[in-house]
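I opened the model to look up a few residues and what surrounds them. My notes follow.

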Amino acid sequence: MESTITFLLDGKKTEIDFARAGSVRPTTTLLEYLRSLPSHRGVKEGCAEGDCGACTVVIAEASPSGALRYRAVDSCLLFLPMVDGKQVITVENLRSPSGELHPVQQAVVGRHGSQCGFCTPGFVMSMFALFKSASLPSDDQIREALAGNLCRCTGYRPLVDAARDACGRGPRDHFSDRERDVLEELRGFPRNGFAFRAPGRTYVRPASIDEAFSALREFPRATIIAGGTDAALRITKRRESLDEVVDISALPGLKEAVRLEDNLVIGAGVPLADVPSLLRGEYPALLEALSVFGSAQVRNCATIGGNLGTASPIGDIAPVLMAYRARVVLRSARGKRTLPLEEFLTGYRTNALGPGEIVEAVSLPPPGAAFVRSYKVSRRRHVDIATLSAGFRLELDSAGGVASLVLAYGGMAERTKRASHAERALAGKPWAREPVEQAARVLDADFTPISDVRGSANFRALAARNVLLRFWDDTRGEP
């Protein structure tokens, strides 16, 4: 393994040897690094936690089809080794070689989409990623692409109009002219694993599964990261020092999805942004949960395995995955084992990973003839932590009685958890309002929620009852 990373910045090969980089560490964020350069002050720090989008840049890398794929990301959540072998594009790079503004920049000017200007570079980069990936996007797609960027001056109408104007012109620009050259240069970069070791600071980014297990044997207490969107906050917000990190984001085998015996097996390293295209319309409740998960920038980094591995009690997708009876595939040098998701989540921010184990995949069985729904209660639709989340699954018998039921809640306990008392109260009962209301009152036996900044215990208890009633209302009368 090497202590050097290589990437493209300003169209040029850039190398950082952390053994000689002074104050620049592997856990330095891309935002911090760019702000240290005199020519990249367009990227801003607003929140340092992936909420505001002021630090948005675009990362380009080869896709499975062989073309470049452009993704908007929050640079405040990206550790430097994660850009190894990729192209980093900032707002300073958008002008053409002849000095002309990029179409998205010109559209923002034309629509008067900037006032104080602090948020403008981030909006422009989100628009640029949309420009390069979606020809003639719908208004919903535009709003989705911009949902991770906050503006307190213009309102959003001029910015939505600017995105519509720019993206209506098609994706060709001066980046298109250089795409083959960029791909060729990226392919020529070293593909070795990365390792930096110093007293009190270790960061290993293995390039193979064997290297990963070797690193975990050497550093059994290391923090394992995949997308890093959760771990980065420990540095940017809590000012912690991650002394030992094993970064598994470069393992190619974790980024694949396959069908095995009718199960959809999604690699733990698949970004959440890529999951919808794998579902093929078979898991609509999961698709709904993903649509309100963070922002495009966060979903482009966060992974399905990492999201479950954090064992957050308020994770958006754990309840609906539990409703779909997902199983977590764990792997170590000793072999593999598979656990139901409810057994994998063991407590507050704890899971069933053993020494030297990683999450390899998430396995989804066929949904079958069941009603599955996902619900999220939060103060705003996008880029917000849930006060309460839920994933429900219902199967009825031929007489309309409850044959099988999963009521999984997040935000109600120390972990995502099923409401076993309420499930038993409804077993065999008619799927009707009165039994459901009775079961809703039983939820108090399942959960003792806490009060925090997102909601009181009383509000959570009431919301938990109401979403169960909402589920009955959403499914009654359906074939």
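**Notebook: residues and cores**

I looked up valine 57 and found it buried, at 1% relative accessibility (buried means under 20% relative accessible area, exposed over 50%, partly exposed in between, with a 1.4 Å probe and protein chains only). This is a predicted model, where local features need pLDDT of at least 70, side-chain atom pairs count only at pLDDT 80 or more, and totals for chains, interfaces and linings use all residues. Residues are numbered from 1 along each chain as its sequence is written, and side-chain values use heavy atoms, with hydrogens and water left out.

Valine 57 belongs to strand β3, residues 56-62 (helices, H or I of at least four residues, and strands, E of at least two, are DSSP runs numbered from the N terminus). I listed its contacts (heavy atoms within 4.5 Å), leaving out residues up to four places away in sequence: they include Leu30, Val43, Val73, Ile89 and Met125. I also checked valine 88, which is 31 residues from valine 57 along the chain, with 7.3 Å between their C-alpha atoms.

Next I looked at lysine 132, in helix α3, residues 120-133. Lysine 132 is buried too, with a relative accessible area of 14%. Beyond four places in sequence, lysine 132 touches Tyr70, Pro171, Asp173, Phe175 and Ser176.

Last, the nonpolar cores (buried Ala, Val, Leu, Ile, Met, Phe, Trp, Tyr and Cys residues joined through side-chain atoms within 4.5 Å). The largest has 73 residues, and Leu30, Leu286, Ile317, Phe344 and Leu364 have the most contacts inside it. Helix α14, residues 318-323, gives this core its largest share, five residues. I noted another core apart from it, with 37 residues, among them Ala60, Val91, Ala107 and Leu130.
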